[in-house]
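Here are my notes for someone opening this structure for the first time. Please keep the view open while reading them.

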Amino acid sequence: MDKKELLDRTRKFAIRVFKLLEVLPKSEATKVITFQLLKASSSVAANYRAVNRAKSKIDFSNKIKIVLEEADESNFWLEFISDLDLLKKDNAELSFLIKESDEFVAMFTASLKTLNNQKS
């Protein structure tokens with residue numbers, strides 16, 4: 001997957017999360033989940049854009065670490081929604097987004113490992 005495809009994929013992830021959050025039941029508790037997940041998922045996309053403008057390997061590494069943290073946080077909140085049964089267990093969109101965030105965590109972890117191996 002090239003960087004343009006990954007830029008598009010991370011942006012679509014943020015959009016799909018936003019749309020999923022629109023169907024959550026409304027309560028004080030879900031406001032917290034919505035806010036945290038919206039920030040984390042959109043940060044994956046926004047910060048991956050910044051990765052592509054990194055000025056050095058160190059800058060790239062630091063930006064990828066942020067993307068990884070936000071992808072992992074997104075995964076946490078998506079799984080939390082599932083654990084709380086806020087949507088039906090067989091909700092295909094929630095399942096897709098959990099899988100997508102898992103894949104982002106794996107990809108960005110691999111990127112960091114590759115970068116760290118090049119330094120050695």
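1. At 24% relative accessibility, Glu93 counts as partly exposed. Its side chain meets that of Arg16 in a salt bridge, at 2.6 Å from N to O. Glu93 belongs to helix H4 (residues 92-119) and Arg16 to helix H1, so this pair ties together parts that are 77 residues apart in sequence. Arg16 is partly exposed too, with a relative accessible area of 30%. Keep in mind that this is a predicted model.

2. **Overall build.** The protein chain has 4 helices and 0 strands. Read from the N terminus, the elements run α-α-α-α. The radius of gyration is 15 Å, close to the 14 Å that the globule rule gives for 120 residues, so the chain is as compact as a globular protein of that length. Along its principal axes, the C-alpha trace spans about 50 × 20 × 20 Å. Of the 120 residues, 37% are buried.

3. **Salt bridges in total.** How many salt bridges does the structure hold? The count is 8. Some of them join up: Arg9, Lys99, Glu100 and Glu103 are linked in a network of salt bridges. Two further pairs are taken up in the next points.

4. **A pair within helix H1.** Asp8 forms a salt bridge with Lys12, and the closest N and O atoms are 3.0 Å apart. Both residues lie in helix H1, which covers residues 3-21. They are 4 residues apart, about one turn of the helix. Neither end is hidden from the surface by the cut-offs used: Asp8 is partly exposed at a relative accessible area of 26%, and Lys12 is partly exposed at 45%.

5. **A pair within helix H3.** Lys63 forms a salt bridge with Asp59. Here the closest N and O atoms are 3.2 Å apart. The two residues sit 4 residues apart in helix H3, so about one helical turn separates them. Is Asp59 buried or exposed? Asp59 counts as buried, because its relative accessibility is 17% and the cut-off for buried is under 20%. Lys63, in contrast, is partly exposed, with a relative accessible area of 22%.

6. **A negative patch.** Glu69, Asp72, Glu79, Asp83 and Asp102 form a negative surface patch. Which helix gives the most to the negative patch? Helix H3 (residues 57-83) does, with 4 residues. Asp72 is one of the patch residues and lies in helix H3. Its relative accessible area is 44%, which makes Asp72 partly exposed.

7. **A backbone angle to check.** Asp85 has a phi near 55 degrees, a positive value in a residue other than glycine. Most residues other than glycine have a negative phi. Where is Asp85 placed? Asp85 sits in the loop between H3 and H4. At 47% relative accessibility, Asp85 counts as partly exposed.

Key
Residues numbered from 1 in each chain as written. Predicted model: local features only at pLDDT ≥ 70, side-chain atom pairs only at ≥ 80, totals over all residues. Heavy atoms only, no water. Patch = residues over 30% accessible without salt bridge, like charges linked within 9 Å, V, L, I, M, F, W, Y side chains within 5 Å. Areas by Shrake-Rupley, 256 points an atom, 1.4 Å probe, with all protein chains shown as cover. Salt bridge = Lys/Arg side-chain N within 4 Å of Asp/Glu carboxyl O. Lys, Arg positive; Asp, Glu negative; His and termini not counted. Charge placed at Lys NZ, Arg CZ, Asp CG, Glu CD. Buried < 20%, exposed > 50% of the residue type's maximum accessible area, 1.4 Å probe, protein only. Rg over C-alpha atoms; globule rule 2.2 N^0.38 Å.
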